[in-house]
Each structure stands twice: as C-alpha cells, then as structure tokens.
Amino acid sequence: MMIGLVGAPNKGKSTIFSALTMLDVAVADYPFTTIKPNLGVTYATKECVEKEFGVKCKPRNGLCTNGIRQLPVNIVDIAGLVPGASTGKGMGNQFLNDLSAADVLIQVIDASGRTDIQGNLSSGSDPADEVKMLSEEMSLWLSGILLRHMPALSKRKDGVRALLGVLSSFNTSELQIISALKAASLPDSSISWDNEGTAKFSREFLRLNKHIIVAANKMDVCPQGALDAIRKKLPGCTVVGCSGAIELALKKAVKSGAISYAIGSGELEIEGEVSPEQRKALDYMNDYMKRNNGTGIQELVNEAVFRASGKIVAYPVENESKYTDHFGNVLPDALLLNTGSTTMDLARSIHTDIADHMLYAVDARTKGRLGKNHVLKDNDVVKIVSAAR
Ligand SMILES: Nc1nc2c(ncn2[C@@H]2O[C@H](COP(=O)(O)OP(=O)(O)O)[C@@H](O)[C@H]2O)c(=O)[nH]1
Ligand SMILES: [Mg+2]
C-alpha cells in the first residue's frame with residue numbers, strides 16, 4: 001500500500017517524510033530509506049501476536065520491539081498542491097500522478113497559521129482552508145478526467161463497467177462506484193452528466209476512494225486551543241496534532257547515538273555524550289512529548305493504515321504448531337490486507353503459484369481447516385496448504 005503526503009508548500013511534508021523514512025541504525029537488512037527522492041518505506045506499528053502465542057518472533061522485514069511489530073508501508077511525498085493544481089499549475093502532472101498512486105492521503109497543514117494557503121509566510125491564516133482546497137482541487141481534477149471521457153461514456157449502456165475502465169488507476173471496484181453513484185443521486189445505467197452531475201460524482205467517489213487524514217503540523221509553535229479550533233471547523237475529519245520537526249530531530253539524535261527512542265513510544269532516553277545545549281533541546285522535546293503524548297507522527301501512519309484504509313494484519317506460517325516458516329523463523333511475516341480478505345487473497349499476496357495451487361488453509365489457533373473463501377480476521381495466523389512446488 002502507498003501513503004501519500006500531500007499539502008500546500010511549507011507545511012512540513014518533506015520534514016515528516018524524512019522523519020518517517022530515515023535510516024534507523026537498528027534496522028540493518030531492510031531498506032528503511034528513500035527509494036527515489038520522494039518515495040520511501042516507513043512502518044505502521046501494531047501489537048504483535050507473539051505474546052499471545054508465547055513465542056518470540058523473528059520478522060523478515062522491520063523489527064518487533066517490546067512486542068510492537070513494525071509493518072512496512074510505502075510512502076510518497078507529493079509536492080505541488082496549490083490552488084489551480086488540478087489544471088496543471090505548480091507541479092501539474094507529477095502532482096496528479098503521485099496523487100492517483102496513493103491509496104490513502106495524509107494532508108499536512110500548518111496548524112500554527114504562520115503560512116498561508118500558497119505556502120507564503122503570513123499570520124493568522126486559517127489552516128482549515130487548506131483542507132477544503134485539497135478536496136476542491138481533487139474534485140476538479142477528477143471532473144476534468146470524466147468530462148473528457150463523457151462523449152464515450154454517454155454512449156455506453158453499462159455505465160458502471162464503463163466508469164470502472166476510466167477509473168482503473170484508482171484501484172476501485174464496481175461496488176465503490178455504485179456507492180458513489182447512490183450518494184450523488186445519479187442513475188447507474190447510462191452516464192450522461194452535465195458539469196454539476198460530474199462534480200457531484202467526483203466528490204462522492206473521492207470521499208470513498210481517497211481517505212484523508214489531516215496532520216495538524218507544527219503543534220510545537222501553536223497557541224493553546226489551536227487543535228480544537230481546527231477540529232471544530234473540520235467535522236467528520238480525522239485530525240492528528242503533530243510535530244514533524246521534533247520527530248525529525250529525535251530520529252537524527254537516535255542516528256548519532258545520543259538517545260534511544262522506540263518508534264512511536266513518546267519517550268526518549270539519553271544514552272551518549274551530549275553537550276549542555278543538546279541536553280536542553282532534548283529536555284524540551286521530552287517535555288513536549290509528555291504533554292502531547294508523543295510527537296503524533298507515528299499515530300498519523302497508524303491512523304492512515306488501520307483506520308482510514310481499514311487494513312488488517314495476517315501472519316502466514318508454514319508450520320502451524322511452531323508458527324514458523326521453512327527456515328524455522330517464528331512469525332516471519334506480518335502482512336497488511338484489506339478488510340474482507342480471504343485465505344485465497346493471503347495466498348496471492350505470498351505468491352501467485354501458491355494461490356493457483358492452493359488446496360485449503362489451517363488456522364494456527366484452532367488447527368481447524370479453512371476454505372479458500374474463508375474471510376480472515378485481524379491477527380489471524382494461517383498456514384496455506386498448496387500443491388505448488
Ligand atoms: N516549528 C515547526 N516547523 C516545522 C515543522 N515541520 C516543518 N517545519 C518547518 O517548516 C518549513 C517547511 O518544511 P518542509 O518540510 O520543507 O515543507 P514542505 O514544503 O511541505 O515539504 C521548514 O522550515 C521546516 O523546518 C514542525 O513540526 N514545527
Ligand atoms: Mg517539500
């Protein structure tokens with residue numbers, strides 16, 4: 001899955017991106033790094049099942065520290081959101097390409113109001129306007145795509161299928177398209193919409209397809225009550241207060257060996273030699289985290305993955321009694337799957353061969369047999385039995 005960091009310039013996207021993708025010294029054998037300048041890998045965190053099973057896991061990707069498992073997710077820093085982006089202003093096409101590749105968006109806003117909607121320094125700008133701007137630009141962009149296809153779409157009798165074709169890059173489904181049509185009070189047989197109908201569909205479709213978590217960033221320089229005020233103006237939005245700057249400073253301090261700071265823990269411990277100035281800065285950051293329950297940055301990722309995208313975790317194993325793979329690694333993989341995924345979907349995410357020759361699955365908890373269409377629950381530990389060699 002791909003998380004997209006989006007927002008107007010100077011809101012803190014690149015700062016958050018760096019903090020989330022920085023090489024963690026303890027993570028040696030996984031590219032916890034930037035792949036392309038704006039594309040990298042970060043981790044969602046979740047309690048591991050190792051404790052319940054009374055074992056110690058050995059993850060192939062990421063770590064499991066104090067029973068908290070790290071699950072790799074792709075992340076892209078999407079630059080170029082400005083008013084008019086949908087018509088190609090700013091970064092134009094790159095912006096739109098990155099946007100369609102993202103399964104879920106984290107919109108970074110400047111909660112302090114010290115930068116305006118264009119990203120220029122200002123005072124007292126309303127950060128809630130940035131959220132409205134993004135949804136407007138996205139609707140305009142999608143409306144533009146649909147209107148260009150309208151002559152062809154209006155000739156088709158199978159409206160939903162036709163839309164599915166046009167919207168293929170959105171990783172959508174007939175069910176989702178039908179829900180959007182319903183919400184926009186549009187018929188699902190023939191598609192022949194005017195500008196208003198197209199705009200309505202676009203808004204409803206994006207509401208279902210591109211979930212947005214709002215990162216109210218720069219909380220470290222916000223006046224009291226700023227977060228509550230933003231939340232009040234954005235009913236129905238998930239707004240997480242955060243400080244990318246503090247998270248990045250902490251990750252750098254970890255890298256230099258000055259502190260230990262477990263991912264998302266909200267607590268740091270001074271380990272190395274630090275100067276009096278460094279100690280002062282670290283004390284400040286520690287105090288900030290105590291007051292705010294951490295920096296909010298890990299929470300953003302977890303909200304995007306588990307809440308907005310509704311992912312569940314499944315642990316495939318080869319030995320359902322020891323919970324190991326072929327090499328004896330305990331609970332080697334923890335995979336993120338969509339809610340409603342079946343044992344067959346799990347098999348497919350391991351290997352197409354394994355899926356093609358799948359016979360059945362075994363639940364490691366009950367040792368009971370599961371069919372190919374059995375719907376998985378969160379934290380299921382499953383052996384896939386396949387005739388594939
Ligand atoms: N005080 C404060 N400044 C921040 C924070 N995050 C980013 N900044 C600053 O905001 C400016 C823009 O940050 P940048 O990450 O380049 O923003 P982008 O244009 O959205 O990618 C830089 O000067 C950052 O140091 C934060 O959490 N708190
Ligand atoms: Mg940037």
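Biologist: At what angle do helix α6 and helix α7 pack?

Modeller: This is a predicted model, where local features need pLDDT of at least 70, side-chain atom pairs count only at pLDDT 80 or more, and totals for chains, interfaces and linings use all residues. Residues are numbered from 1 along each chain as written, and side-chain values use heavy atoms, without hydrogens and water. Helices are DSSP runs (H or I, at least four residues), numbered from the N terminus, and axes are lines fitted to C-alpha atoms over the stretch in contact, with angles from 0 to 180 degrees between N-to-C directions. With axes 8 Å apart, α6 (residues 174-183) and α7 (residues 195-209) pack at about 135°.

Biologist: Thanks! Which word describes how α6 lies to α7?

Modeller: Under 35 degrees is roughly parallel, over 145 roughly antiparallel, 65 to 115 roughly perpendicular and the rest oblique. The angle of about 135° therefore makes α6 to α7 oblique.

Biologist: Which residues of α7 does α6 meet?

Modeller: Contact means heavy atoms within 4.5 Å. From α6, Gln-176, Ile-177, Ser-179, Ala-180, Leu-181 and Ala-183 take part, and they meet Phe-201, Glu-204, Phe-205, Arg-207, Leu-208 and Asn-209.

Biologist: Now for the other pair: how do the axes of α4 and α5 cross?

Modeller: Happy to say! The axes of α4 (residues 128-153) and α5 (residues 159-166) come within 11 Å. They cross at roughly 135°, which makes α4 to α5 oblique.

Biologist: Which residues of α5 make the contact with α4?

Modeller: On the α4 side are Ile-145, Leu-146, His-149 and Leu-153. Their partners in α5 are Ala-162, Leu-163 and Val-166.

Definitions and conventions. Chains are lettered from A and ligands numbered from 1 in the order in which they are written. Helices (H or I, at least four residues) and strands (E, at least two) are DSSP runs, numbered from the N terminus.
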